[in-house]
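Q: Please take a close look at one part of this model: the place where two chains meet. Keep it brisk, as the structure is new to me.

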Amino acid sequence: MIKYIIKRFLMMLLTLWIITTLTFILMMSIPGSPFNDVSDKTSNEAVQANLESHFNLDKPMIVQYYYYLESIVTLDFGPSIKKPNDTVNDLLGRGFPISFELGIISIIVAIISGIILGVFAALKHNGIIDYLAMSIAVLGISIPNFVLATFLIQQLAVNLELLPVATWKSPSHMILPTIALATGPMAIIARLTRSSMLEVLTQDYIKMARAKGLAPYKIIIKHALKNALMPVVTILGTLLAGILTGTFVIEKIFAIPGMGQYFVESISQRDYPVIMGTTVFYSAFLIIMLFLVDIAYGVLDPRIKLHKEKGD
Amino acid sequence: MDQQTKKMAQDPTSAEIPSDWLKPINRDQLKQEDVVRPSLSYWQDAWQRLKKNKLAMSGLIFLIILAIMAIFGPYMSPYTVGEQNLPNQNQAPSWSHWFGTDGLGRDVFTRTWYGARISLFVGLMAALIDFFVGVIYGGISGYKGGRTDNILMRIIEILYGLPYLLVVILLLVVLGPSLLTIILALTVTGWVGMARIVRGQVLQLKNYEFVHASQSFGAKTSRIIKRNLLPNTMGPIIVQMTLTVPSAIFAEAFLSFLGLGVSSPYASWGVMANDALTAILSGHWWRLFFPAFFISATMFAFNVLGDGLQDALDPKLRR
């Protein structure tokens, strides 16, 4: 077990190093510098050279790479090029708590509602509830979150004026973005829960539990659900990635001042330090989450022998 | 019992079989005794089962219609994709503009079908490239096994750990948004899922007798992979491909929505939805409705078709 965790941990570090280096190489190979904006009349060559030396853009590639790695290890991503008053850390510090809040609320909503939908669908297999739940699930997978978000704004916020249109202030502001973000993952969880519940429910130990005369809710919660949720744990990492990238568009649509907005903005403005900082931050966050999910899976499922990792 | 039968019962040796017992049997009757059904190949059987799945079939029909409209739709209206007509901006759907016009007076009908071309093209190309790379990589990895497999799988593990859309966004920032770069970016890490599936299947299949038989006849590795292994993994591969298409279409729409999609004057559904974002507040619903509807419906169709194929192509479910 310990051996496996160490191995996975080293693998995680390797992945982190690869994504950071990849980010660096890609950023460096962008043609043009962020300072030769043609529309900006105030900039001349001297100013440009000055700026470039200030941000170390005139140094040789390998030196820049060193500075870059140093900044990552010390978790200091330097100043933003386009927002002179902010450092990348300022942006992260301001944006991340909001994005994190949005993401956490959404994933909790997605997991709870997805499992409930899936369990009821499986219990009433081929019944009306099953069809209803699965139609919701297929629709949830098919409708992109930005479409759902704009639809919700139009219907609930603009037409019916039930909820605020945008921003992130009170709990009522959180409802629409959360629904928009949670529906897709909810659908995936519901489908997965349903199919694994259906499989588990035919197992002998469930029949045994029934024969014992155990109360149905106890059978479902203690015997069936516990085993049926294993596949759900495995895709948690992928779902997190989906929620995370989902926040980019949801934050843009609802004008939520989270990290996603800064990321999208930095892309269009070619703000290198911000792009690097946010990408590395996002990737590290995701990769660490994947690592934790893997470990959790090993701990939760006694059938998996972690030290015997070879083969399938 | 008649006379003859009685006689036979008393003394079997003296039996003389009467001629009316010896009628030639009707050939059709003989066939009725056979306990066979018409033999169906794997694909015929899968097709029959798919046909019974109404949801999957309606998905397939929708996609066929969509493909036809993507080809001919833009020619059905007198307008072109990028043709601007400022006095006519934000017109509601009417006889002259079936789906209305957008903020620059461009015809939404024409742009919707043009968007269908882009979405379908991106989806199909991504699926095809994933197919080729994934099948070759997974096939080699699974068939060779041992050290090769180990190394190839480590590479896949690392690629799998990379956040997919972030890598795509980074690549697009560097390469500049265009149709080709979107496809390239989507497939750089997209083939990993396919490779994993193919490897798993090949790993299982390569120990079957028919593969050993082929090997003992001296068949080359490439022949064994092509003739023995791949045809037997086609089911899962096709399912994976039908599910790759909607995720590629979604990714394209998502990227376009972030401003990393195809550029004006061309249209993709994501670009149109992005343009229409502000319009929705001023009540120009059609500008968002049509691209949004077609993205969702196309993803829906591919998803139900994929689900249907999964059931139809699963040999375990074969009756």
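A: At the interface, 44 residues of chain A are in contact with 37 residues of chain B; contact means heavy atoms within 4.5 Å. This is a predicted model, where local features need pLDDT of at least 70, side-chain atom pairs count only at pLDDT 80 or more, and totals for chains, interfaces and linings use all residues. Residues are numbered from 1 along each chain as its sequence is written, chains are lettered from A and ligands numbered from 1 in the order in which they are written, and side-chain values use heavy atoms, with hydrogens and water left out.

Now the area. About 3,500 Å² is buried between chain A and chain B, and carbon and sulfur atoms give 79% of it. Buried area is the accessible area (1.4 Å probe) that two parts lose on being put together, summed over both.

Next, the helices. On the side of chain A that touches chain B, α1 (2-28), α5 (128-142), α6 (145-159), α10 (230-254), α11 (259-269) and α12 (272-300) each supply at least two residues. Helices are DSSP runs (H or I, at least four residues), numbered from the N terminus. α1(A) gives the most, with nine residues.

By class, this side of chain A has 30 nonpolar, ten polar and four charged residues. Ala, Val, Leu, Ile, Met, Phe, Trp, Tyr, Cys and Pro count as nonpolar, Asp, Glu, Lys and Arg as charged, and the others, Gly among them, as polar.

Across the interface of chain A and chain B the rule finds zero; it asks for a side-chain nitrogen of Lys or Arg within 4 Å of a carboxyl oxygen of Asp or Glu.
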